[in-house]
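Please look at the structure below and follow the text through it, one part after another.

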Amino acid sequence: MKRTLLFLFAFISFAADAMKVEVHGNTIYASGPVEDDIRKFTEATEAPGVDTVVLINSPGGDLWTGIAVGRLIANRGLNTVIAGNCSSACSIMFMGGKERTFSDAFHPDITFIGIHGAHDRATKLVNQAAQPQIFAFYKQQMSERFNSAVMNTALYNMEDSGSMLRIFDAARSPVRPPYHCKSSQTLRKDCTEFKEFDAFSLGIVTTNVLTKVVLPASYKEAPQIFGQA
């Protein structure tokens, strides 16, 4: 049966054509768009002593790869760390971590996780049929801190593929509340803020304490926003 391609993408893009996955010591480093990267991650997780996956500035990509890698990480009992932003399919990978944290590798303004539901790659239209699998995986990983109202907002209150719930690193000042924009056309002032929550209380991270990350030289290229570094 031919697989329908469902993609999840954020607005920040990086100069890469596919996800770059490398093992350095006990850590897997991965950045860039999520494509058909399951084999890369499977081989990387088999490296001796690996216990952590650092996800670096990924705008998301293929939903099914995100779910498969998230489950792989969970089954292997690995920890996950966000360096910069990790959105859409990348956020599902991140949620597979046993211990989940933000890092201090990038400025707090661009350190966040972005969550939204799936959309069709060709039409860009929201695909509600795929949302229950994402919802179920988040619920499993967030455990008792799972907030169904917030996650329903993120996954189902979508007008287009640009909808996004952004949740920031709460350890550094100034603290930015999570907020949800239901469309790529929604002005920031019209987005919904969740001031009573942060990444820890929502079950996104397992602690607000940052993980110290020193990126390998091959991962230090600057992110691009609308073509500008």
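A polar contact is a pair of N or O atoms within 3.5 Å. Such a pair is found at the N-terminal end of helix 5, where a side-chain oxygen of Asn147 lies 3.1 Å from the backbone nitrogen of Ala149. The model is a predicted one.

Helix 5 covers residues 148-156, and its buried residues are Val150, Met151, Thr153, Ala154 and Leu155. Among the elements that cover these buried residues are strand 8, helix 4 (131-142), strand 10 (164-168) and strand 11.

The next part is helix 1. Which residues of helix 1 are buried? They are Phe41, Ala44 and Thr45. Viewed along the axis of helix 1, these buried residues fall within an arc of 95 degrees, so they line one face of the helix. An α-helix has 3.6 residues a turn, so residues three or four places apart point the same way. On the face of helix 1 turned away from the buried side are the exposed residues Arg39 and Glu43. The cover over the buried residues of helix 1 includes strand 2 (20-24), strand 3 (27-31), strand 4 (52-58), helix 2 and helix 3 (89-94).

Helix 2 can be taken together with helix 1. The axes of helix 1 (residues 38-45) and helix 2 (residues 63-76) come within 10 Å and cross at roughly 10 degrees. Angles under 35 degrees count as roughly parallel, and helix 1 and helix 2 are therefore roughly parallel to each other. Helix 1 contributes Ile38, Phe41, Thr42 and Thr45 to the contact, while helix 2 contributes Thr65, Ala68, Val69, Leu72 and Arg76. Sorted by class, the residues of this contact are 5 nonpolar, 3 polar and 1 charged.

Two loop residues remain. Ser103 sits in the loop between strand 7 (100-102) and strand 8 (112-115). Is Ser103 buried or exposed? Its relative accessibility is 0%, so Ser103 counts as buried. A polar atom of the Ser103 side chain lies 3.2 Å from the backbone nitrogen of Ala105. Leaving out residues up to four places away in sequence, Ser103 touches several others, including Val81, Ile82, Arg172 and Leu210.

Cys191 is in the loop between strand 11 (179-181) and strand 12 (192-193). With a relative accessible area of 9%, Cys191 is buried. Cys181 is 10 residues from Cys191 along the chain, and their C-alpha atoms are separated by 4.6 Å. Apart from neighbours within four places in sequence, Cys191 is in contact with Tyr179, His180, Cys181 and Thr186.

Key:
Residues numbered from 1 in each chain as written. Predicted model: local features only at pLDDT ≥ 70, side-chain atom pairs only at ≥ 80, totals over all residues. Heavy atoms only, no water. Axes fitted to C-alpha atoms, helices over the stretch in contact; angles between N-to-C directions. Helix = DSSP H or I, 4+ residues; strand = E, 2+ residues; numbered from the N terminus. Parallel < 35°, antiparallel > 145°, perpendicular 65-115°, else oblique. Contact = heavy atoms within 4.5 Å. Nonpolar A, V, L, I, M, F, W, Y, C, P; charged D, E, K, R; others polar. Buried < 20%, exposed > 50% of the residue type's maximum accessible area, 1.4 Å probe, protein only. Polar contact = N/O pair within 3.5 Å; in protein donor to acceptor, adjacent residues only side chain to side chain. Arc of directions from axis to C-beta.
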